[in-house]
Protein chains: 2
Amino acid sequence: MISGTALRTDFGFLGFRCLEITRWVICGLIGFLTGLIACMIDIAVEKLAGYKYLAVKQNIEKYTELGGLSISLILWAVLNSAFVMLGSLAVAFLEPIAAGSGIPQIKCFLNGVKIPRVVRLKTLVIKVFGVICSVAGGLAVGKEGPMIHSGAVVAAGVSQGRSTSLKKDFKIFEYFRRDTEKRDFVSAGAAAGVSAAFGAPVGGVLFSLEEGASFWNQLLTWRIFFASMVSTFTLNFFLSIYHGKPGQLSSPGLINFGRFDSDVSSVFIVFRGVLGALFNIINYWLTIFRIRYIHRPCLQVMEAMLVAAVTATVSFAMIYFSNDCQPLGQDNTEEYPLQLFCADGEYNSMATAFFNTPERSVRSLFHNPPGTYNPVTLGVFTLAYFALAVWTYGLTVSAGVFIPSLLIGAAWGRLFGILLSFIASIWFCCVNLTGGIVRMTLSLTVILVEATGNVTYGFPIMLVLMTAKIVGDYFIEGRSRIPGLQSVPFLHWDAPPTSHWLTAREVMSSPVTCFNRVEKVGRIVDVLSNTSTNHNGFPVVSDTTENDEPGKICGLILRSQLIVLLKHKVFVERASSRLSQRRLQLKDFRDAYPRFPPIQSIHVSQDERECMMDLTEFMNPTPYTVPQETSLPRVFKLFRALGLRHLVVVDNENRVVGLVTRKDLARYHVGKDGLEELHLAQT
Amino acid sequence: MISGTALRTDFGFLGFRCLEITRWVICGLIGFLTGLIACMIDIAVEKLAGYKYLAVKQNIEKYTELGGLSISLILWAVLNSAFVMLGSLAVAFLEPIAAGSGIPQIKCFLNGVKIPRVVRLKTLVIKVFGVICSVAGGLAVGKEGPMIHSGAVVAAGVSQGRSTSLKKDFKIFEYFRRDTEKRDFVSAGAAAGVSAAFGAPVGGVLFSLEEGASFWNQLLTWRIFFASMVSTFTLNFFLSIYHGKPGQLSSPGLINFGRFDSDVSSVFIVFRGVLGALFNIINYWLTIFRIRYIHRPCLQVMEAMLVAAVTATVSFAMIYFSNDCQPLGQDNTEEYPLQLFCADGEYNSMATAFFNTPERSVRSLFHNPPGTYNPVTLGVFTLAYFALAVWTYGLTVSAGVFIPSLLIGAAWGRLFGILLSFIASIWFCCVNLTGGIVRMTLSLTVILVEATGNVTYGFPIMLVLMTAKIVGDYFIEGRSRIPGLQSVPFLHWDAPPTSHWLTAREVMSSPVTCFNRVEKVGRIVDVLSNTSTNHNGFPVVSDTTENDEPGKICGLILRSQLIVLLKHKVFVERASSRLSQRRLQLKDFRDAYPRFPPIQSIHVSQDERECMMDLTEFMNPTPYTVPQETSLPRVFKLFRALGLRHLVVVDNENRVVGLVTRKDLARYHVGKDGLEELHLAQT
């Protein structure tokens with residue numbers, strides 16, 4: 001590989017130091033920008049939702065006495081739909097990849113699976129705009145998923161020192177234009193996103209490690225932590241200025257549950273288990289329905305608008321028909337207390353839950369003193385909100401699922417808290433919906449501990465998440481149900497149990513297309529053009545013998561490298577005429593990254609096809625190899641620990657006999673009857 | 001390897017589930033026991049120190065008026081010396097490995113370096129007894145290091161299901177009697193120790209990962225976290241019962257700094273930089289002095305007693321000569337307020353710092369309102385305590401260095417806090433001594449954040465630790481100065497920069513002693529007995545040709561496996577007469593673990609020397625190999641990522657040409673003039 005020889009000799013000891021400092025600077029920048037974006041989202045949502053609720057509240061107050069509340073309903077529904085329409089239009093027509101929370105896509109990216117357009121600038125813009133619209137539009141969604149996605153995009157952009165979309169190259173950070181470095185930075189970006197979304201820097205680090213880093217590297221972790229810290233700090237700093245209290249950095253994170261007292265009486269509840277499984281099942285059918293019938297963008301926008309209007313209607317109906325009046329507190333914790341049909345000095349408690357952004361609802365559920373809500377209100381709220389959340393999840397809008405599930409959990413927990421004693425409810429009801437959908441158990445615990453700011457809850461939260469995970473696993477296999485990701489070669493942490501009797505020989509793809517050290521250009525072009533052998537890496541062998549016996553391995557070369565070589569016509573015959581060619585190599589590879597041209601775009605004339613290409617200098621001379629008898633768990637461990645994409649299988653004469661790729665490994669899953677072999681889509 | 005074939009076939013899918021559940025149970029047990037031990041240490045120290053200070057206080061009060069304070073001084077010094085003598089005697093004569101904090105030893109263990117007797121039951125008992133004595137004896141030490149060590153020993157013991165020291169085998173957890181599993185559990189134990197010591201479960205997990213786990217495994221991390229959580233919870237639970245407030249789990253950790261307010265006026269300061277470097281340099285010379293002159297146990301005990309007496313004398317003198325009287329607060333935060341020569345209703349503020357366990361002193365420095373101490377008091381205190389801490393560190397007592405360095409840092413910060421404004425002092429003085437000595441930057445940040453319970457300080461703490469690290473690195477290379485650990489093959493996280501031009505060929509040891517598949521017993525015994533080739537792993541080759549040309553690799557066998565095979569005389573000639581032999585294999589290997597008999601203890605008769613042994617079934621048939629041209633960073637990465645101990649280097653015919661061990665890699669360090677090759681002791 002180029003990076004193996006040509007590159008590293010550029011750097012002395014000082015060069016490595018500089019590189020490390022540059023990495024830190026980039027991480028700081030990533031944290032700063034992510035914090036800024038989080039701040040922007042936060043303020044925009046607050047402003048827009050504020051205007052909306054104020055308008056509706058005034059309207060309701062006006063018509064409560066006059067008796068034309070249906071006009072208020074229509075106003076509310078129209079406002080909601082308008083916001084959602086804007087967001088949904090942008091997502092559906094401009095960048096469909098910006099739909100949803102973005103967390104599954106980022107997980108795949110960190111796992112080593114490339115999904116096109118995930119970390120582009122355009123995706124970022126649409127994502128941010130979309131999430132502001134959906135939250136302000138009153139949908140049952142959160143803004144934390146898009147926040148994480150935004151962090152990742154920022155990282156991917158900043159670390160490359162250029163924007164391909166804007167066609168602007170700042171000529172900096174050129175060293176980082178390669179997969180491994182970029183992935184490291186994207187880890188940092190995702191962590192900064194989590195940190196900004198939940199005010200949980202440590203949780204952010206753990207999220208990145210859990211999902212991404214296969215090889216635990218202390219310096220990398222330390223940088224990720226730095227990015228997280230900067231992000232939280234930036235967000236707090238600017239929010240404190242916005243709120244007019246500069247320097248008082250007391251609002252960590254977009255989700256600020258406030259500080260829990262030690263003798264907390266409100267119950268901290270996260271919800272899951274059976275309900276979580278139900279969520280997944282319903283959503284699975286809904287997704288299939290959507291794929292079949294609602295596949296055109298304009299239909300998708302209309303569905304989103306419909307959901308927005310229905311959300312407003314349901315909310316309105318709930319508020320209208322509830323007669324749960326509560327006395328208005330002195331401290332005015334409610335921002336938009338709706339009197340409606342309540343007596344003077346009282347307010348409708350259903351409105352606290354529905355006439356608010358989901359984040360504020362969670363906060364009031366956690367912190368309002370016992371007796372604020374009656375059980376029937378809470379029960380109806382939970383069910384209605386659950387239905388809305390299920391329907392909303394999977395819409396073509398940019399939105400997260402964490403806050404809604406937390407909200408349902410909080411309401412459910414509060415309900416149990418009323419029925420049982422409080423302590424008991426902490427222990428028994430802390431079951432988690434989010435765990436069921438998002439499946440990031442370890443970091444989730446830390447995030448929740450950090451968000452509540454109280455380590456005392458750590459142990460119960462953990463016990464509950466574990467219980468929830470076991471229950472959830474029993475009902476449904478969560479990850480593989482993520483719509484659209486079934487065919488992705490996502491590698492889990494360990495090889496499936498009982499896979500130890502499989503060896504590399506059985507897993508590998510064979511026969512493998514190999515190249516000779518000095519290969520004919522025509523053959524290379526043919527192999528790369530052949531769509532049936534779309535491998536990304538090709539073993540280079542020393543000398544293929546006359547019969548079909550494979551040659552001894554002496555290197556590995558990547559498709560992208562071959563394409564760059566072809567593009568620059570680095571042929572043996574031309575070496576004498578173009579001596580300056582060699583010096584350009586490294587820069588050429590970097591400039592082409594990450595959007596290498598397809599083979600079809602490279603024109604090779606008939607004469608050139610007869611030329612030869614010497615791959616020796618460009619290949620990776622010491623690729624990882626395993627003998628045929630290696631067991632699957634060992635191969636798996638190599639892939640995960642070293643972040644491999646291809647592994648050459650050799651016989652005991654070092655002859656190439658096969659190639660193991662991520663797809664070959666991802667085929668094996670544990671089903672109900674033991675090990676199963678899945679048939680992944682051949683993309 | 002046995003574990004490769006014979007073992008795994010024992011388990012079906014259900015077996016793997018059971019195994020996983022067992023691991024969880026063990027981790028829970030580890031957490032519980034570690035928490036219990038922490039609780040015991042805490043209560044014992046509190047009781048003993050309480051009695052001591054009460055006796056001295058009464059004596060001082062009695063003689064303040066009578067005018068014979070020298071008697072009080074003698075009483076104090078004698079009490080201190082007596083406690084320290086007990087602790088030091090136990091350490092010096094019974095188990096010298098229990099001296100110090102134990103953290104370097106645990107780090108080495110987790111890194112894969114075996115240090116004898118580190119995780120034995122006897123070490124645990126002496127350690128716990130020793131740390132109680134040293135803290136109660138008034139030395140400038142903390143109890144957090146021994147706590148972490150205790151956690152690790154508990155883990156190593158519990159996970160094996162037997163105690164070799166007590167000669168008791170519970171016949172459980174037999175599957176876990178192997179290096180990798182044991183190391184995983186020790187990680188969990190260390191994390192539980194950190195968690196109990198600092199009330200920082202997340203910090204504990206990060207400590208373990210930073211120091212130990214080379215391959216980030218989600219399930220393992222999750223288990224480590226579980227152990228940490230259980231440990232904190234157990235400690236809190238029992239301490240709350242002891243303090244008479246069951247259920248109110250508000251005292252997380254041995255070090256409880258209390259909760260910091262948002263508008264904190266006391267400055268949170270950790271100290272380091274130049275002073276940290278000074279600490280290391282002085283201690284380095286002190287260690288050399290000790291190795292030369294104080295090498296006999298009784299001398300070591302006497303030195304420890306001397307330090308204890310001097311500590312009492314210095315403290316007494318400081319209190320005696322200070323005239324810094326402060327009014328007694330209403331809330332009586334001081335437990336032993338000394339009036340001495342102060343007016344009625346006032347107390348001597350120097351006594352808060354010196355007439356107290358270090359932990360309480362830290363707390364009072366953090367929390368007492370501004371104006372409690374005057375600058376001169378603080379300045380003198382800092383210097384005196386620094387000198388004492390330097391002298392104490394390295395004594396033959398069981399003690400940690402975290403609390404003393406935190407105490408010096410806190411005093412220093414408080415001093416700056418008085419001189420400068422408070423906010424500025426947070427930013428500029430947060431320099432950390434601990435970081436300089438302990439070098440666990442990432443987890444330290446998290447531990448401090450968790451201990452203060454306020455994420456707002458995270459960013460400044462982090463910035464400061466980074467600054468401190470850079471300053472410290474400039475002055476001295478911390479790790480390699482840890483006394484007694486110079487010759488340990490400790491692998492850092494990355495290969496040294498600029499080492500990329502080194503290849504496996506240059507790094508490897510060569511020639512390698514290989515065995516044939518079917519080898520003569522005599523040769524095996526000779527090779528194992530030969531002290532010059534004390535490798536732990538031997539490549540097995542297919543057929544050594546007549547001339548000295550090496551054979552093709554077909555496996556790797558460990559010294560311990562060979563010894564067990566020899567002990568059970570698994571010879572080809574005996575296969576027919578002892579058919580039952582084969583079935584005992586796995587159990588035999590496990591039973592011998594971890595104290596394999598030395599080769600000298602195995603008697604092989606002259607007849608038996610002529611027998612043959614078939615290694616095929618016992619060797620690891622697919623060891624990791626690399627070609628000769630592999631660069632050092634790549635070899636290094638394989639070692640760290642996969643936790644290897646030996647790596648076979650082969651030529652392109654798959655013939656063994658060399659063997660890379662940890663020692664070969666640890667030789668290379670970055671010095672002032674680039675890469676340096678160290679000469680490690682050949683142990």
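User: Buried means under 20% relative accessible area, exposed means over 50%, and partly exposed lies in between (1.4 Å probe, protein chains only). How many of the five residues of strand β7 (residues 537-541) of chain B are buried?

Analyst: This is a predicted model, in which local features need pLDDT of at least 70 and side-chain atom pairs count only at pLDDT 80 or more, while totals for chains, interfaces and linings use all residues. Residues are numbered from 1 along each chain as its sequence is written, chains are lettered from A and ligands numbered from 1 in the order in which they are written, and side-chain values use heavy atoms, leaving out hydrogens and water. Strands (DSSP runs of E, at least two residues) and helices (H or I, at least four) are numbered from the N terminus. Strand β7(B) is largely enclosed by the rest of the structure, because its buried residues number five of the five.

User: Which residue is the bridge partner of B:Phe538 in β8(B)?

Analyst: From β7(B), B:Phe538 and B:Val540 point one way and B:Gly537, B:Pro539 and B:Val541 the other. In β8(B), the partner of B:Phe538 is B:Ile557.

User: Which residue takes a positive phi just after α3(B)?

Analyst: Helix α3 (residues 103-111) of chain B has nine of its nine residues buried, so the rest of the structure largely encloses it. Among them are B:Lys107 and B:Asn111 as well as B:Ile106 and B:Phe109. Just after this helix, a positive phi of about 110° is taken by B:Gly112.

User: How many residues are in the second, separate core?

Analyst: A nonpolar core is a set of buried Ala, Val, Leu, Ile, Met, Phe, Trp, Tyr and Cys residues joined through side-chain atoms within 4.5 Å. The largest has 150 residues, of which A:Ile41, A:Leu139, A:Val202 and B:Ile41 touch the most other members. The second, separate core includes A:Leu502, A:Leu647, B:Leu647 and B:Tyr668, and its residues number 41.

User: How many residues apart in sequence are the parts that A:Arg223 and A:Glu20 tie together?

Analyst: A salt bridge is a side-chain nitrogen of Lys or Arg within 4 Å of a carboxyl oxygen of Asp or Glu; between A:Arg223 and A:Glu20 the closest N and O atoms are 2.8 Å apart. Because A:Arg223 lies in α8 (residues 218-242) of chain A and A:Glu20 in α1 (residues 13-66) of chain A, the separation of the parts tied together, in residues, is 203.

User: Is A:Asp651 buried or exposed, and what is its relative accessible area?

Analyst: A:Asp651 forms a salt bridge with A:Arg655, the closest N and O atoms being 3.0 Å apart. A:Arg655 counts as partly exposed, at 23% relative accessibility. A:Asp651, by contrast, is buried, with a relative accessible area of 11%.

Note on methods:
Pairing = 2+ DSSP bridges.
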